[in-house]
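Let's take a walk through this structure together, one piece at a time. Keep the 3D view open and turn it as you read.

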Amino acid sequence: MSHSPPSPSPSPSPSPPFRPYRPPPPTNNHNHTTTFDTSILPNGSKSLSAISIRAYLLGTVLGVSTTLTILSLLYDPLYTPLWRIPFFLSSLSLFHFLEYYTTAAYNTHFATVSAYLLTSNGWAYNIAHGSAILECLLMHTYFTARPVPLYLPSSLTTYQVAVGLLLMVVGQTIRSVAMAQAGSNFNHTVQVTRREGHVLVTGGVYSVLRHPSYFGFFWWGLGTQLVLGNGVCFVAYAVVLWRFFSGRIWREEKFLVAFFGEEYERYRKRSWVGIPGIH
(Lines give C-alpha, C1' and ligand atoms only; values in the text may rest on other atoms or scores of the structure.)
Protein backbone atom coordinates (compact mmCIF):
# COMPACT_ATOMS: atom_id res chain seq x y z
CA MET A 1 0.00 0.00 0.00
CA SER A 2 1.52 3.28 -1.07
CA HIS A 3 1.44 6.38 1.04
CA SER A 4 1.41 9.79 -0.50
CA PRO A 5 3.95 12.19 0.96
CA PRO A 6 2.53 14.68 3.45
CA SER A 7 1.59 17.97 1.94
CA PRO A 8 3.78 20.84 3.09
CA SER A 9 2.25 22.98 5.80
CA PRO A 10 1.28 26.42 4.63
CA SER A 11 3.78 29.07 5.51
CA PRO A 12 2.54 31.54 8.10
CA SER A 13 1.23 34.75 6.69
CA PRO A 14 3.32 37.79 7.52
CA SER A 15 2.10 39.99 10.38
CA PRO A 16 0.29 43.08 9.22
CA PRO A 17 2.24 46.29 9.70
CA PHE A 18 1.42 48.39 12.77
CA ARG A 19 -0.99 51.20 12.10
CA PRO A 20 -2.10 53.75 14.73
CA TYR A 21 -5.78 53.83 15.52
CA ARG A 22 -7.90 56.24 13.57
CA PRO A 23 -11.54 56.90 14.45
CA PRO A 24 -14.11 55.66 11.95
CA PRO A 25 -15.91 58.31 9.92
CA PRO A 26 -19.40 59.29 11.04
CA THR A 27 -22.13 57.07 9.67
CA ASN A 28 -25.72 57.93 8.98
CA ASN A 29 -28.36 55.42 9.96
CA HIS A 30 -31.95 56.60 9.62
CA ASN A 31 -30.90 60.21 10.07
CA HIS A 32 -28.94 59.33 13.23
CA THR A 33 -25.36 60.62 13.23
CA THR A 34 -22.71 58.83 15.29
CA THR A 35 -19.94 61.19 16.34
CA PHE A 36 -16.57 60.42 17.85
CA ASP A 37 -14.99 62.53 20.59
CA THR A 38 -11.56 63.29 19.15
CA SER A 39 -10.49 65.02 22.38
CA ILE A 40 -9.69 61.61 23.91
CA LEU A 41 -7.07 60.87 21.26
CA PRO A 42 -3.37 61.56 21.91
CA ASN A 43 -2.68 65.31 22.13
CA GLY A 44 -6.37 65.95 22.80
CA SER A 45 -7.56 67.94 25.81
CA LYS A 46 -8.98 64.73 27.32
CA SER A 47 -6.35 62.37 25.94
CA LEU A 48 -6.85 58.97 27.56
CA SER A 49 -3.16 58.15 27.14
CA ALA A 50 -2.09 61.39 28.84
CA ILE A 51 -4.57 60.90 31.67
CA SER A 52 -3.50 57.31 32.28
CA ILE A 53 0.24 58.04 32.30
CA ARG A 54 -0.25 60.87 34.79
CA ALA A 55 -2.36 58.68 37.04
CA TYR A 56 0.31 55.96 36.87
CA LEU A 57 3.17 58.35 37.67
CA LEU A 58 1.30 60.00 40.55
CA GLY A 59 0.39 56.60 41.97
CA THR A 60 3.99 55.41 41.72
CA VAL A 61 5.36 58.51 43.43
CA LEU A 62 2.67 58.27 46.11
CA GLY A 63 3.44 54.61 46.81
CA VAL A 64 7.22 54.95 46.84
CA SER A 65 7.30 58.18 48.85
CA THR A 66 4.77 56.89 51.41
CA THR A 67 6.87 53.75 51.91
CA LEU A 68 10.03 55.83 52.38
CA THR A 69 8.22 58.09 54.83
CA ILE A 70 7.07 55.17 56.98
CA LEU A 71 10.48 53.47 56.95
CA SER A 72 12.50 56.60 57.70
CA LEU A 73 10.09 57.73 60.42
CA LEU A 74 9.09 54.53 62.22
CA TYR A 75 11.97 52.10 61.62
CA ASP A 76 14.68 53.12 64.09
CA PRO A 77 17.74 51.91 62.12
CA LEU A 78 16.63 54.05 59.15
CA TYR A 79 15.30 57.06 61.06
CA THR A 80 16.15 60.47 59.64
CA PRO A 81 14.48 63.88 60.02
CA LEU A 82 14.47 63.95 56.23
CA TRP A 83 11.33 61.75 56.32
CA ARG A 84 9.62 65.07 55.72
CA ILE A 85 10.75 65.20 52.08
CA PRO A 86 9.11 61.94 50.88
CA PHE A 87 6.09 62.89 52.99
CA PHE A 88 5.87 66.19 51.11
CA LEU A 89 6.12 64.37 47.78
CA SER A 90 3.38 61.94 48.76
CA SER A 91 1.16 64.84 49.83
CA LEU A 92 1.74 66.60 46.51
CA SER A 93 0.94 63.41 44.59
CA LEU A 94 -2.29 62.90 46.52
CA PHE A 95 -3.28 66.54 46.03
CA HIS A 96 -2.85 66.43 42.25
CA PHE A 97 -4.59 63.07 41.96
CA LEU A 98 -7.58 64.34 43.95
CA GLU A 99 -7.79 67.42 41.74
CA TYR A 100 -8.41 65.26 38.70
CA TYR A 101 -10.46 62.56 40.44
CA THR A 102 -12.87 65.02 42.04
CA THR A 103 -13.29 66.86 38.74
CA ALA A 104 -13.90 63.61 36.86
CA ALA A 105 -16.42 62.38 39.44
CA TYR A 106 -18.43 65.57 39.98
CA ASN A 107 -17.70 67.84 37.01
CA THR A 108 -17.01 65.35 34.25
CA HIS A 109 -17.34 67.80 31.38
CA PHE A 110 -14.19 69.59 32.61
CA ALA A 111 -12.17 66.44 33.31
CA THR A 112 -9.35 67.41 30.97
CA VAL A 113 -5.66 66.59 31.27
CA SER A 114 -5.09 70.04 32.75
CA ALA A 115 -7.44 69.18 35.66
CA TYR A 116 -4.47 67.51 37.35
CA LEU A 117 -2.99 71.04 37.75
CA LEU A 118 0.48 69.61 37.17
CA THR A 119 1.51 72.22 34.62
CA SER A 120 -1.27 74.79 34.83
CA ASN A 121 0.33 76.88 37.58
CA GLY A 122 3.49 77.78 35.68
CA TRP A 123 7.15 77.75 36.62
CA ALA A 124 6.66 79.64 39.90
CA TYR A 125 4.66 76.73 41.32
CA ASN A 126 7.47 74.26 40.62
CA ILE A 127 10.12 76.65 41.96
CA ALA A 128 8.14 77.06 45.20
CA HIS A 129 8.00 73.32 45.84
CA GLY A 130 11.61 72.84 44.81
CA SER A 131 12.66 75.59 47.22
CA ALA A 132 10.69 73.96 50.03
CA ILE A 133 12.47 70.64 49.50
CA LEU A 134 15.86 72.36 49.31
CA GLU A 135 15.32 74.32 52.53
CA CYS A 136 14.23 71.19 54.37
CA LEU A 137 17.27 69.31 53.09
CA LEU A 138 19.68 72.07 54.14
CA MET A 139 18.12 72.72 57.54
CA HIS A 140 18.00 69.07 58.59
CA THR A 141 21.43 68.26 57.17
CA TYR A 142 23.72 71.22 57.86
CA PHE A 143 22.04 73.39 60.47
CA THR A 144 20.50 70.93 62.92
CA ALA A 145 22.88 71.89 65.74
CA ARG A 146 22.74 75.67 65.20
CA PRO A 147 20.09 78.12 66.42
CA VAL A 148 18.49 79.65 63.36
CA PRO A 149 15.99 82.57 63.41
CA LEU A 150 12.41 81.79 62.38
CA TYR A 151 12.71 78.17 63.55
CA LEU A 152 11.17 76.62 66.65
CA PRO A 153 13.38 74.87 69.24
CA SER A 154 13.51 71.09 69.01
CA SER A 155 11.29 70.74 72.10
CA LEU A 156 8.41 72.26 70.12
CA THR A 157 9.01 70.40 66.85
CA THR A 158 6.35 67.78 67.64
CA TYR A 159 3.70 70.46 68.13
CA GLN A 160 4.81 72.20 64.95
CA VAL A 161 4.42 69.00 62.94
CA ALA A 162 1.06 68.24 64.57
CA VAL A 163 -0.32 71.68 63.68
CA GLY A 164 1.03 71.31 60.15
CA LEU A 165 -0.63 67.92 59.70
CA LEU A 166 -3.92 69.30 61.03
CA LEU A 167 -3.83 72.21 58.57
CA MET A 168 -3.03 69.85 55.70
CA VAL A 169 -5.88 67.46 56.52
CA VAL A 170 -8.41 70.26 57.03
CA GLY A 171 -7.27 72.14 53.93
CA GLN A 172 -7.30 69.12 51.62
CA THR A 173 -10.67 67.93 52.95
CA ILE A 174 -12.34 71.33 52.61
CA ARG A 175 -11.02 71.79 49.07
CA SER A 176 -12.08 68.36 47.82
CA VAL A 177 -15.50 68.57 49.48
CA ALA A 178 -16.03 72.06 48.02
CA MET A 179 -15.24 70.82 44.51
CA ALA A 180 -17.66 67.92 44.94
CA GLN A 181 -20.48 70.07 46.33
CA ALA A 182 -20.09 72.72 43.63
CA GLY A 183 -20.18 70.07 40.90
CA SER A 184 -20.51 71.59 37.45
CA ASN A 185 -20.39 75.08 38.96
CA PHE A 186 -16.73 74.67 39.90
CA ASN A 187 -13.92 75.58 37.54
CA HIS A 188 -10.16 75.83 37.89
CA THR A 189 -10.15 79.10 35.95
CA VAL A 190 -12.00 82.34 36.60
CA GLN A 191 -15.11 82.44 34.42
CA VAL A 192 -15.67 85.75 32.65
CA THR A 193 -19.01 84.77 31.11
CA ARG A 194 -21.90 82.99 32.78
CA ARG A 195 -22.38 79.50 31.38
CA GLU A 196 -25.81 78.00 30.87
CA GLY A 197 -26.85 76.20 34.03
CA HIS A 198 -24.36 78.06 36.25
CA VAL A 199 -25.96 78.62 39.66
CA LEU A 200 -24.72 80.20 42.87
CA VAL A 201 -23.84 77.45 45.34
CA THR A 202 -24.56 78.50 48.94
CA GLY A 203 -25.07 75.17 50.71
CA GLY A 204 -22.69 72.76 52.44
CA VAL A 205 -19.26 74.25 53.11
CA TYR A 206 -20.28 77.21 50.93
CA SER A 207 -22.77 78.25 53.61
CA VAL A 208 -19.80 79.27 55.75
CA LEU A 209 -16.88 79.76 53.33
CA ARG A 210 -17.31 81.86 50.19
CA HIS A 211 -14.25 80.40 48.46
CA PRO A 212 -13.62 77.09 50.25
CA SER A 213 -11.27 75.71 47.59
CA TYR A 214 -8.99 78.75 48.04
CA PHE A 215 -9.27 78.47 51.81
CA GLY A 216 -8.30 74.82 51.58
CA PHE A 217 -5.24 75.32 49.41
CA PHE A 218 -3.99 78.30 51.41
CA TRP A 219 -3.94 76.45 54.72
CA TRP A 220 -2.82 73.17 53.12
CA GLY A 221 0.21 74.96 51.65
CA LEU A 222 1.15 76.53 54.98
CA GLY A 223 0.66 73.20 56.71
CA THR A 224 3.18 71.52 54.40
CA GLN A 225 5.83 74.05 55.40
CA LEU A 226 5.21 73.49 59.10
CA VAL A 227 5.65 69.75 58.63
CA LEU A 228 8.82 70.31 56.61
CA GLY A 229 10.13 72.61 59.34
CA ASN A 230 10.71 75.45 56.90
CA GLY A 231 10.82 78.97 58.31
CA VAL A 232 11.78 80.92 55.19
CA CYS A 233 9.43 79.04 52.86
CA PHE A 234 6.60 79.29 55.40
CA VAL A 235 6.80 83.07 55.23
CA ALA A 236 7.29 83.03 51.45
CA TYR A 237 4.32 80.68 50.93
CA ALA A 238 2.12 82.86 53.15
CA VAL A 239 3.01 86.04 51.25
CA VAL A 240 2.78 84.56 47.75
CA LEU A 241 -0.44 82.64 48.39
CA TRP A 242 -2.06 85.63 50.09
CA ARG A 243 -1.23 87.93 47.18
CA PHE A 244 -2.40 85.36 44.63
CA PHE A 245 -5.74 84.63 46.29
CA SER A 246 -6.36 88.27 47.19
CA GLY A 247 -6.09 89.29 43.54
CA ARG A 248 -7.96 86.26 42.24
CA ILE A 249 -10.87 86.63 44.66
CA TRP A 250 -11.20 90.35 43.90
CA ARG A 251 -11.31 89.61 40.15
CA GLU A 252 -13.61 86.61 40.47
CA GLU A 253 -16.12 88.40 42.67
CA LYS A 254 -16.47 91.21 40.14
CA PHE A 255 -17.80 88.66 37.65
CA LEU A 256 -19.93 86.87 40.27
CA VAL A 257 -21.64 90.16 41.14
CA ALA A 258 -22.25 90.70 37.42
CA PHE A 259 -23.68 87.16 37.10
CA PHE A 260 -25.88 87.04 40.20
CA GLY A 261 -26.33 90.69 41.29
CA GLU A 262 -27.94 91.25 44.69
CA GLU A 263 -28.10 87.51 45.36
CA TYR A 264 -24.32 87.39 45.48
CA GLU A 265 -24.07 90.65 47.44
CA ARG A 266 -26.30 89.18 50.18
CA TYR A 267 -24.32 85.94 50.14
CA ARG A 268 -21.03 87.81 50.44
CA LYS A 269 -22.26 89.62 53.56
CA ARG A 270 -23.16 86.42 55.41
CA SER A 271 -20.09 84.33 54.44
CA TRP A 272 -16.33 84.71 54.90
CA VAL A 273 -13.17 83.79 53.04
CA GLY A 274 -11.18 82.32 55.92
CA ILE A 275 -7.86 83.78 54.78
CA PRO A 276 -6.56 86.57 57.07
CA GLY A 277 -6.91 90.04 55.56
CA ILE A 278 -9.18 89.00 52.67
CA HIS A 279 -12.84 89.97 53.08
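Start with Glu265 and Arg268, whose side chains meet in a salt bridge with an N to O distance of 2.8 Å. Keep in mind that this is a predicted model. Both residues sit in helix α7, three residues apart, which is about one turn of the helix. In general, side chains of opposite charge can pair when their charged atoms come close. How open is this spot to the outside? Glu265 has 29% relative accessibility, so it counts as partly exposed, and Arg268 is also partly exposed, with a relative accessible area of 26%. Buried would mean under 20%.

Glu253 is buried, with a relative accessible area of 5%.

Now follow Glu253 to Arg210. These side chains meet in a salt bridge as well, 2.6 Å from N to O. Arg210 sits in the loop between α4 (157-182) and α5 (212-228), while Glu253 is in helix α6, so this pair ties together parts that are 43 residues apart in sequence. Both Arg210 and Glu253 are buried. In total, the structure holds five salt bridges.

While you're on helix α6 (residues 232-260), take a look at Lys254. It counts as partly exposed because its relative accessibility is 47%. Lys254 is 62 residues away from Val192 in sequence, yet their C-alpha atoms are 9.3 Å apart in space.

Helix α6 also turns up in the largest pocket, so let's go there next. Which element gives the largest share of the lining? That's α6, with eight residues. The pocket holds about 820 Å³ of space. Of its 33 lining residues, the closest to the centre are Asn121, Tyr125, Phe217, Phe244 and Phe245. The elements that give two or more residues to the lining are α2, α3 (122-139), α5 and α6.

Next, some annotation. An unreviewed UniProt entry lists residues 55-75, 157-178 and 226-245 under "transmembrane region". How do these spans look in the model? Residues 55-75 are 95% helix and 0% strand, with the end C-alpha atoms 29 Å apart. Residues 226-245 are 85% helix and 0% strand, and their end C-alpha atoms lie 20 Å apart.

Finish at the surface, where Ile70, Leu73, Leu74 and Tyr79 form a nonpolar patch. Together they have about 400 Å² of accessible area. Tyr79 is found in the loop between α1 (48-74) and α2 (84-106). With 46% relative accessibility, Tyr79 counts as partly exposed.

Note on methods:
Residues numbered from 1 in each chain as written. Predicted model: local features only at pLDDT ≥ 70, side-chain atom pairs only at ≥ 80, totals over all residues. Heavy atoms only, no water. UniProt positions renumbered as here; feature names shortened; annotations may be inferred. Helix = DSSP H or I, 4+ residues; strand = E, 2+ residues; numbered from the N terminus. Patch = residues over 30% accessible without salt bridge, like charges linked within 9 Å, V, L, I, M, F, W, Y side chains within 5 Å. Areas by Shrake-Rupley, 256 points an atom, 1.4 Å probe, with all protein chains shown as cover. Salt bridge = Lys/Arg side-chain N within 4 Å of Asp/Glu carboxyl O. Buried < 20%, exposed > 50% of the residue type's maximum accessible area, 1.4 Å probe, protein only. 1 Å grid on protein atoms, 1.4 Å probe; cavity = no way out; pocket = protein on both sides within 12 Å on 5 of 7 lines; lining within 4 Å. Points joined across faces, edges and corners; volume = space filled by probe spheres on them.
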